[in-house]
Amino acid sequence: MATPGPQSSSDWAGHGVGEVLVSDDYPIVRFHEKGHFTHANGRRMAFSNVYRFEVMEDRVELYHERRGPEDAVFLFPLVVVDDHRLMSLSPHLCVRDLYSGELIMTDDGFDLTWTVEGPRKQEHIHYCYRQ
């Protein structure tokens, strides 16, 4: 689910549904996502993503592989803040926008919440990964 804040000019509001194929070559786990996002105005668009989670001793590093594994974009390290929650240690700067995240473990998966702040963006994006 994507929800723009009052300072956003992107109007990025709506919800997505998709499937995730997980390739697990521990300590590297990739999420290959495909689905559809339905904008609040009813417009529907296809999406695909590949996220790479690299499990380290003291953190999980998150990458976006939209251009392939060789050209992956490092987003941020996620560090443990309590038993079931990890948070980005520092935000990822993309042009003038800052991306940060929080990962919360559940009994049957996890939630990944994104916050995007910038001159024209104030976005809150909530991913729910379930088995």
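These are my notebook entries on a few spots I looked up in this predicted model.

**Ground rules**

I number residues from 1 along each chain as its sequence is written, and side-chain values use heavy atoms, with hydrogens and water left out. Since the model is predicted, local features need pLDDT of at least 70 and side-chain atom pairs count only at pLDDT 80 or more, while totals for chains, interfaces and linings use all residues.

**Entry: the second largest pocket**

I started with empty space. Rolling a probe the size of a water molecule over the atoms shows where such space is left. My notes on terms: on a 1 Å grid over the protein atoms alone, a pocket is an open set of points where a 1.4 Å probe fits, with protein on both sides within 12 Å along at least five of seven lines, and lining residues have an atom within 4 Å of a point. Grid points are joined across faces, edges and corners, and the volume is the space filled by probe spheres set on the points.

The second largest pocket holds about 160 Å³. Which residues line the second largest pocket? I find Ser9, Ser10, Val95, Arg96, Asp97, Pro119, Arg120 and Lys121 there. I sorted that lining into 4 charged, 2 polar and 2 nonpolar residues. For the sorting, Asp, Glu, Lys and Arg are charged, Ala, Val, Leu, Ile, Met, Phe, Trp, Tyr, Cys and Pro are nonpolar, and the others, Gly among them, are polar.

Val95 sits in the loop between β8 (92-94) and β9 (97-106). Strands here are DSSP runs (E, at least two residues), numbered from the N terminus. Val95 is not a glycine, yet its phi is positive, at about 60°. Is Val95 buried or exposed? It is exposed, with a relative accessible area of 73%. I use buried for under 20% relative accessible area, exposed for over 50%, and partly exposed for in between (1.4 Å probe, protein chains only).

Arg120, another lining residue, is in the loop between β10 (109-117) and β11 (122-130). Its relative accessibility of 63% makes Arg120 exposed. Leaving aside neighbours within four places in sequence, Arg120 is in contact (heavy atoms within 4.5 Å) with Gln7, Ser8, Ser9 and Ser10.

I followed that to Ser8, which lies in the loop between β1 (2-4) and β2. Arg120 and Ser8 are 112 residues apart along the chain, but 5.4 Å separates their C-alpha atoms. Ser8 counts as buried, at 17% relative accessibility. With the neighbours within four places set aside, Ser8 is in contact with Arg120, Lys121, Gln122 and Glu123.

**Entry: Gly118**

Gly118 is also in the loop between β10 and β11. Gly118 is partly exposed, at 27% relative accessible area. Which residues does Gly118 touch, not counting residues up to four places away in sequence? Arg96 and Asp97 are the ones. C-alpha to C-alpha, Gly118 and Asp97 are 4.2 Å apart in space and 21 residues apart in sequence.

Next I checked two glutamates. Glu54 lies in strand β4 (residues 44-55) and is buried at 16% relative accessibility. Its side chain makes a polar contact of 2.9 Å with the side chain of Arg52. Beyond the neighbours within four places in sequence, I see Glu54 in contact with Pro27, Ile28, Arg59, Val60, Glu61 and Tyr63. Pro27 is in the loop between β2 (14-25) and β3 (28-39), and the peptide bond from Tyr26 to Pro27 is cis, with omega near 15°.

Glu65 lies in the loop between β5 and β6 (73-82). It is buried, with a relative accessible area of 5%. Setting aside neighbours within four places, Glu65 is in contact with Arg30, Val50, Arg52 and Ala72.

**Entry: cysteines**

How many disulfides are there? I count 0 disulfides, taking a disulfide as a pair of cysteine sulfur atoms within 2.5 Å. Cys94 is partly exposed at 28%, whereas Cys128 is exposed at 53%.

Conventions. Helices (H or I, at least four residues) and strands (E, at least two) are DSSP runs, numbered from the N terminus. A polar contact is a pair of N or O atoms within 3.5 Å; within protein, one must be able to donate a hydrogen and the other to accept it, and residues adjacent in sequence count only if both atoms are side-chain atoms.
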